[in-house]
Amino acid sequence: MATDFDLVVVGAGVVGLAVAQRLARDGRSVLVLEQEAWVGQHASSRNSEVIHAGIYYAPGSLKAQLCVEGRDLLYAWCAEHGVAHRRVGKLLVAVEPEEIAAMTRLQRNAAANGVELHWLDAAQVHELEPQLRALAGLYSPLTGIVDSHALMQSFEAALQRAGGLLSCRAKVDSITPITQGLCVSGRSAGQAFSISARQVVNAAGLFAQRLQRDVTGAIQVPAVHWCQGRYFSYAGSSPFRHLVYPMPESNNAGLGVHATLDLAGQLRFGPDVRYTDELDYQVDERLRDAFVASVRRYWPQCDVARLQPAYAGVRAKLSGAGEPAMDFVLQDHTSHGVRGLVSLFGIESPGLTACLALAERVRLMLNADTN
């Protein structure tokens with residue numbers, strides 16, 4: 001008996017849309033189900049919008065491999081499809097003598113990932129960004145920024161051109177194995193639905209673990225730790241032409257409060273790190289002093305009066321506070337026991353950069369699952 005679709009993708013974030021359009025262009029009938037009213041409402045649109053070079057991730061890890069592969073695929077996609085982006089470059093700065101050793105380790109790690117970073121002394125850093133306080137720096141020419149909303153729109157357009165469908169306000173409640181594949185059930189606009197598919201991709205992001213627990217027969221659902229990151233914008237013109245990052249914080253506490261630019265040149269700082277059990281997108285004005293203290297380590301002229309609360313995001317991490325950072329987890333039936341299902345967990349940064357490489361990896365997993 002035929003199924004309704006070859007593939008159902010649950011989740012219309014940047015990764016789910018990247019997967020959907022890639023498989024639709026292979027000639028498969030594809031349906032994307034999204035529980036929210038529009039695409040990318042959560043982590044995909046609440047981040048730094050940075051195209052990462054591949055500096056921080058453990059050599060050989062999925063994050064390292066897919067970041068480097070995805071970076072090049074993403075630049076090519078943006079150029080071909082007219083998605084606004086800019087290769088602005090990034091400066092990583094050491095502001096204390098003890099950070100020099102950490103910077104050296106970071107340069108070696110990047111080299112192991114095939115990413116070249118240029119070592120700069122204090123004068124060279126000052127030449128690039130005169131207002132920075134730094135003893136030394138690393139320059140990453142491959143780092144850029146992208147309009148994440150326009151990127152998702154381009155994926156949605158590619159999906160539709162290939163005959164794929166997207167349904168928003170469609171919440172999936174369960175996935176059940178059936179003879180010819182999988183039955184996806186849920187509610188849309190208050191009405192129950194059941195759709196059959198040969199294969200399903202769980203790209204539900206923050207909610208991927210919750211969905212996996214509702215898959216009949218699934219095992220090995222990794223724990224999820226929601227982590228809030230808040231941003232402040234800076235009024236007026238930016239003193240920086242590049243992104244500016246301090247040395248990464250220890251104990252999985254993030255990359256530090258860094259300075260990023262959007263495509264209009266607006267300067268913003270963030271994110272910080274706050275583990276939470278709630279989907280909280282508020283930015284408390286009382287955080288301003290803490291942000292100023294972090295920023296003034298590398299930019300002493302930061303004016304507290306020009307900092308304004310901007311936005312917050314919540315990312316799905318597989319490691320808790322104080323634990324070592326964990327890699328992406330991509331599961332097929334060999335891990336969770338349900339044939340026809342591919343599930344993605346812990347797709348935090350560099351998930352935006354890696355989205356097209358993740359799509360290729362999922363495509364290979366789905367193809368292997370049919371053999």
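Trainee: Which residues are buried in α1?

Mentor: In α1, the buried residues are Val14, Val15, Gly16, Leu17, Ala18, Val19, Ala20, Gln21, Arg22, Leu23 and Ala24. Keep in mind that this is a predicted model.

Trainee: What does that say about helix α1?

Mentor: Helix α1 covers residues 14-24, and eleven of its eleven residues are buried, so the helix is largely enclosed by the rest of the structure.

Trainee: Let's zoom out. How many helices and strands does the protein chain have?

Mentor: The chain has nine helices and 20 strands. Its radius of gyration is 21 Å, close to the 21 Å from the globule rule for 371 residues, so the chain is as compact as a globular protein of that length.

Trainee: What box do the C-alpha atoms fill?

Mentor: Roughly 70 × 40 × 40 Å, taken along the principal axes.

Trainee: And how much of the protein chain is buried?

Mentor: Buried residues are 55% of the 371. The accessible surface is about 15200 Å², and carbon and sulfur atoms hold 50% of that.

Trainee: What about contacts across the sequence? What share joins residues at least 24 apart?

Mentor: Take the contacts between residues at least 6 apart in sequence. Of these, 71% join residues at least 24 apart.

Trainee: Give me one residue to look at. Where does Gly137 lie?

Mentor: Gly137 is in strand β7, residues 136-140. Gly137 counts as buried because its relative accessibility is 0%, and the cut-off for buried is under 20%.

Trainee: What is Gly137 in contact with?

Mentor: Leave aside neighbours within four places in sequence. Then Gly137 touches Leu92, Val93, Met103, His118, Trp119, Leu120 and Val125. Gly137 and Pro59 are 78 residues apart in sequence, and their C-alpha atoms are 22 Å apart in space.

Trainee: New topic, charges. How far apart are the mean positions of the positive and negative charges?

Mentor: They are 1 Å apart, for 33 positive and 36 negative charges.

Trainee: How many salt bridges does a search of the whole structure find?

Mentor: It finds 16. The general idea is simple. Side chains of opposite charge can pair when their charged atoms come close.

Trainee: Back to α1, then. Which side chain does Arg22 meet in a salt bridge?

Mentor: Arg22 meets Asp26, at 2.9 Å from N to O. Arg22 is buried, at 13% relative accessible area. Asp26 is partly exposed, at 35%.

Trainee: What about Asp72? Which residue forms a salt bridge with Asp72?

Mentor: That partner is Arg71, with the closest N and O atoms 3.0 Å apart. Asp72 is partly exposed, with a relative accessible area of 43%. Arg71 is buried, at 6%.

Trainee: Which residues do salt bridges with shared partners join into one network?

Mentor: Arg22, Asp26, Glu360 and Arg363.

Trainee: Now Glu36. How far away is the nearest side chain of opposite charge?

Mentor: That side chain is Arg210, 7.2 Å away. Glu36 is buried yet has no salt bridge. Glu36 sits in the loop between β2 (30-33) and β3 (50-51).

Trainee: So what is Glu36 in contact with?

Mentor: Beyond its neighbours within four places in sequence, Glu36 contacts Gln41, His42, Cys168 and Arg169.

Trainee: Tell me about His42. Buried or exposed?

Mentor: His42 is buried, with a relative accessible area of 13%. His42 also lies in the loop between β2 and β3.

Trainee: What is phi of Ala189?

Mentor: Phi of Ala189 is near 50°, a positive value in a residue other than glycine. Ala189 is in the loop between β11 (181-188) and β12 (191-202). Ala189 counts as exposed, at 72% relative accessibility.

Trainee: Last one, peptide bonds. Cis or trans from Gly270 to Pro271?

Mentor: That bond is cis, with omega near -5°. Pro271 lies in the loop between β16 (267-270) and β17 (274-275). Ser349 and Pro350 are also joined by a cis peptide bond, with omega about 10°. Pro350 is in the loop between β20 (341-345) and α9 (351-369).

Notes: Residues numbered from 1 in each chain as written. Predicted model: local features only at pLDDT ≥ 70, side-chain atom pairs only at ≥ 80, totals over all residues. Heavy atoms only, no water. Helix = DSSP H or I, 4+ residues; strand = E, 2+ residues; numbered from the N terminus. Rg over C-alpha atoms; globule rule 2.2 N^0.38 Å. Buried < 20%, exposed > 50% of the residue type's maximum accessible area, 1.4 Å probe, protein only. Contact = heavy atoms within 4.5 Å. Areas by Shrake-Rupley, 256 points an atom, 1.4 Å probe, with all protein chains shown as cover. Lys, Arg positive; Asp, Glu negative; His and termini not counted. Charge placed at Lys NZ, Arg CZ, Asp CG, Glu CD. Salt bridge = Lys/Arg side-chain N within 4 Å of Asp/Glu carboxyl O.
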